[in-house]
Amino acid sequence: MAAAEARPGGRRRCRRLEGEAARAVLGAADTLLFDCDGVLWRGEAALGGAAAALGRLAAAGKRLCYVTNNSSRTRQAYGEKLRRLGFPPATPRHVFGSAYCAARFLRQALPPGAAAYVLGGPALAAELREAGVPHLEPGPAALPGPAPADWARAPLDPAVRAVLVGFDEHFSYAKLCQALRYLLRGPDCLLVATNRDHRLPLEGGAAIPGTGCLVKAVETAAEREAFIVGKPNRYMFDCVASEFDIDPARTIMVGDRLDTDILMGNTCGLTTLLTLTGVTTLEEVKGHEESDCPARQSLVPDYYVDSIADLLPALED
């Protein structure tokens, strides 16, 4: 597939994907990786035409995978949501959420019998159980006494060798204290996070703080940087590539965020397609295009569409 065109000075140029170019790019792909929130749906509402476009891609024999930084759903739950919103059926094998990928990472990184202290929700715990990773169950937590001395003496589980930070609606100072105390045991206690997304878009232009806000709090307290499992880290793509025979040159990454979806796709040598139904605006893309900064150039997608529905004409028989 054609990569982004380079302009004088080595700058990348993002083009609208339409007409014959769309037919050529989609025809040359055998795998498409989709982000979900802001690309396929917002909250519990599917974006117009998205299900129809993916249905035609599936009918054309394309492999569809779903790569999401959201750690609040299991792979099984994502498959159920796709079905509920009218998308082509997806088995858990085709879903790569940050909860699943984090569990996979810890299964490989932790020594036998070691456990994780989890700042997260039920989905993250469920994926850890499925992967066979021992962990302390998430949920609300209270400070273990009235004074800082009490907080510093609260019991610690000797098996914990990792702190895992995901989306946690019960995030609290008490949990932050415990996470720090585990991490102060030394570098042998891993600090792992599902993603750095700082804001989660909802219907109607609303938003809530994302996991990245919680990760920053733990990193600041521990004076350490977390290993990020989700996009833009290529670990998430490596999880897909370990499950399927993926040819990067025949794979398209479709997303709505430059600093996660597009950056991972560009880093991994994929064709990148931005949809403007989520976080990123075309003005942001143009600003990166005009920059001579390599880091900003790495955020420029190969192509963009206003929405996934724009692909429908190129998928007609």
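## Terms and model

A residue counts as buried under 20% relative accessible area, as exposed over 50%, and as partly exposed in between, with a 1.4 Å probe and protein chains only. The model is predicted, so local features need pLDDT of at least 70 and side-chain atom pairs count only at pLDDT 80 or more, while totals for chains, interfaces and linings use all residues. Residues are numbered from 1 along each chain as its sequence is written, and side-chain values use heavy atoms, with hydrogens and water left out.

## Overall fold

The chain has 12 helices and 18 strands; these are DSSP runs numbered from the N terminus, with helices (H or I) of at least four residues and strands (E) of at least two. The C-alpha trace spans about 65 × 45 × 40 Å along its principal axes. For 317 residues, a compact globule would have a radius of gyration near 20 Å, and the 21 Å of the chain agrees with this. That radius is taken over C-alpha atoms, and the globule rule is 2.2 Å times the number of residues to the power 0.38.

Of the 317 residues, 51% count as buried. Among contacts between residues at least 6 apart in sequence, 73% join residues at least 24 apart, where contact means heavy atoms within 4.5 Å.

## Annotated aspartates

An unreviewed UniProt entry gives the annotation "binding site" to Asp35, Asp37 and Asp256. These residues are spread over 222 residues of sequence but cluster in space, with a largest C-alpha distance of 8.4 Å. Asp35, Asp37 and Asp256 belong to the lining of the largest pocket. A pocket is found on a 1 Å grid over the protein atoms alone, as an open set of points with protein on both sides within 12 Å along at least five of seven lines; lining residues have an atom within 4 Å of a point. The unreviewed entry also has the annotation "active site", which covers Asp35 and Asp37. UniProt positions follow the numbering used here, feature names are shortened, and annotations may be inferred rather than shown by experiment.

Asp35 is found in the loop between β4 (31-34) and β5 (41-42), and Asp37 is in the loop between β4 and β5. Asp35 is buried, at 6% relative accessible area, whereas Asp37 is partly exposed at 23%. Beyond four places in sequence, the contacts of Asp35 include Leu40, Lys231, Asp256 and Asp261. The side chains of Asp35 and Lys231 are joined by a polar contact of 2.9 Å. Such a contact is a pair of N or O atoms within 3.5 Å; within protein, one must be able to donate a hydrogen and the other to accept it, and residues adjacent in sequence count only if both atoms are side-chain atoms.

## Threonine 280

Thr280 lies in the loop between β17 (271-275) and α11 (282-289) and is buried, with a relative accessible area of 4%. A polar atom of the Thr280 side chain lies 2.9 Å from the backbone oxygen of Asp256. The side chain of Thr280 also reaches the backbone nitrogen of Leu258 at 3.4 Å.

## Nonpolar cores

A nonpolar core is a set of buried Ala, Val, Leu, Ile, Met, Phe, Trp, Tyr and Cys residues joined through side-chain atoms within 4.5 Å. In the largest core, of 35 residues, Phe34, Leu40, Tyr66, Phe87 and Ile308 touch the most other members. Elements that each supply at least two residues of this core include α1 (19-28), β4, α2 (50-59) and β7 (63-68). The largest share, five residues, comes from α2. A second, separate core has 34 residues, among them Tyr100, Phe105, Leu124 and Met236.

Not counting residues up to four places away in sequence, Leu40 touches residues including Phe34, Asp35, Tyr66 and Phe87.

Terms used. On a 1 Å grid over the protein atoms alone, a cavity is a set of points where a 1.4 Å probe fits but cannot get out, and a pocket is an open set with protein on both sides within 12 Å along at least five of seven lines; lining residues have an atom within 4 Å of a point.
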